Amino acid sequence: MAIQWFPGHMNLTRKAIAERIKDIDVVIEVLDARLPGSSANPLLAEMTGHKPTLKILNKQDMADAARTQLWLDHYNAIPGTRALALQASNAAAVQPLAAQCHALAPGRGGLAKPMRVLICGVPNVGKSTLINALSNKRHAKTGDEAGVTKLEQRITLADDFYLYDTPGLLWPRIIVAQSGYNLAASGAIGRNAYDEELVALELLDYLRRDYPASLEARYKLSGVAAMKDEEVLESVGRQRGALLGKGKINTQKAAEIVITEFRAATLGRITLETPQEFAQWLAAGQQLDAERLARKEARSAKKVPQRQMQENQ
């Protein structure tokens, strides 16, 4: 079962974007470079897919550089889409974004046809930091937690360039289970919506296979690839002094340590998915969701004759 988190304000955000998109020239979608597939909102793609899009792989300084390039190649191959990797807090790095928007919508510009850009993304992906760097002012609140931005706001970057900021938006049903875990690990999902130990175990399972050296170096372990996820988590707790009485490991505390150090890139530059992996996860999730819908429709079909029989009695 995938992790789900869609609080009420997100439904309002969805409606606001659906209304605003009519007047938008370019969409900037900010992604987390450590999970570029999982942080790409399919709901946003559905609402804004007909608009030129600039994909920003933010937090690239925390991500695996080789995998970032794979994702840039993937997104740049999509018609009407450009992709860039950057660190949103670097003001010099974000300044070329305005020119990229003009390249995607060359007919816009000047007071008669001002450029109107919508910036969106999942929670805690760095939108507010990017906006503040673009404008050289503190227009948007920032914070290392999901759901800091609550209201849409318009920011004037130039007399003919308007940027519309929106609150972080997820989607009502996450059908890719691994995406739910990756989003939770990154901080895009509210803490009350997931079990930290379960998320940490899923994270360790991936790191054991793809980044064993990072785990071994950080937690002074050896042979993690051959260990079970629970064994690694307990070893982290033991190494960090997360202990309960009688020598038992405080696995909750150990889980918090693993998640916090992934988010801070203390474990090193890590990317939790490749384009090929995500495509496989998505196909599997779509298959499971189709089967779920088929079962639901079958149950509904059975109820119709029963209602008819009751009405005829």
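**Figure 1. Gly-8 counts as exposed, with a relative accessibility of 55%.** Why does Gly-8 count as exposed? Because exposed means over 50% relative accessible area, and Gly-8 stands at 55%. This is a predicted model, so please read each view here with that in mind. Gly-8 belongs to helix 1, which covers residues 8-20. For a sense of scale, follow the chain from Gly-8 to Leu-70: the two are 62 residues apart along the chain, and 35 Å separates their C-alpha atoms.

**Figure 2. Here is the whole chain, for orientation, with its 12 helices and six strands.** Along the principal axes, the C-alpha atoms fill a box of roughly 75 × 75 × 35 Å. Of the 313 residues in the chain, 47% are buried. If we take the contacts with a separation of 6 or more, 69% of them join residues 24 or more positions apart.

**Figure 3. Helix 10 meets helix 11, their axes crossing at roughly 90 degrees.** Helix 10 spans residues 229-239 and helix 11 spans residues 251-263, and their axes come within 8 Å. Angles of 65 to 115 degrees count as roughly perpendicular, so helix 10 is roughly perpendicular to helix 11. On the helix 10 side, look for Leu-233, Glu-234, Val-236 and Gly-237. Their counterparts in helix 11 are Thr-251, Ala-254, Ala-255, Ile-257 and Val-258. Sorted by class, this contact has six nonpolar, two polar and one charged residues.

**Figure 4. The largest pocket holds about 540 Å³ of space.** Which residues lie nearest its centre? They are Ala-40, Asn-41, Pro-42, Ala-45 and Lys-55, out of a lining of 33 residues. Several elements give two or more residues to this lining: strand 1 (26-32), helix 2 (42-48), strand 2 (53-58), helix 3 (65-76) and helix 12 (275-312). The lining of the largest pocket comprises 19 nonpolar, 10 polar and four charged residues.

**Figure 5. The largest cavity has a volume of about 30 Å³.** How many cavities of 30 Å³ or more are there? The count comes to one.

Methods. Residues are numbered from 1 along each chain as its sequence is written. This is a predicted model: local features need pLDDT of at least 70, side-chain atom pairs count only at pLDDT 80 or more; totals for chains, interfaces and linings use all residues. Side-chain values use heavy atoms; hydrogens and water are left out. Axes are lines fitted to C-alpha atoms, for helices over the stretch in contact, and angles run from 0 to 180 degrees between N-to-C directions. Helices (H or I, at least four residues) and strands (E, at least two) are DSSP runs, numbered from the N terminus. Angles under 35 degrees count as roughly parallel, over 145 as roughly antiparallel, 65 to 115 as roughly perpendicular and the rest as oblique. Contact means heavy atoms within 4.5 Å. Ala, Val, Leu, Ile, Met, Phe, Trp, Tyr, Cys and Pro count as nonpolar, Asp, Glu, Lys and Arg as charged, and the others, Gly among them, as polar. Buried means under 20% relative accessible area, exposed over 50%, partly exposed in between (1.4 Å probe, protein chains only). On a 1 Å grid over the protein atoms alone, a cavity is a set of points where a 1.4 Å probe fits but cannot get out, and a pocket is an open set with protein on both sides within 12 Å along at least five of seven lines; lining residues have an atom within 4 Å of a point. Grid points are joined across faces, edges and corners, and a volume is the space filled by probe spheres set on the points.
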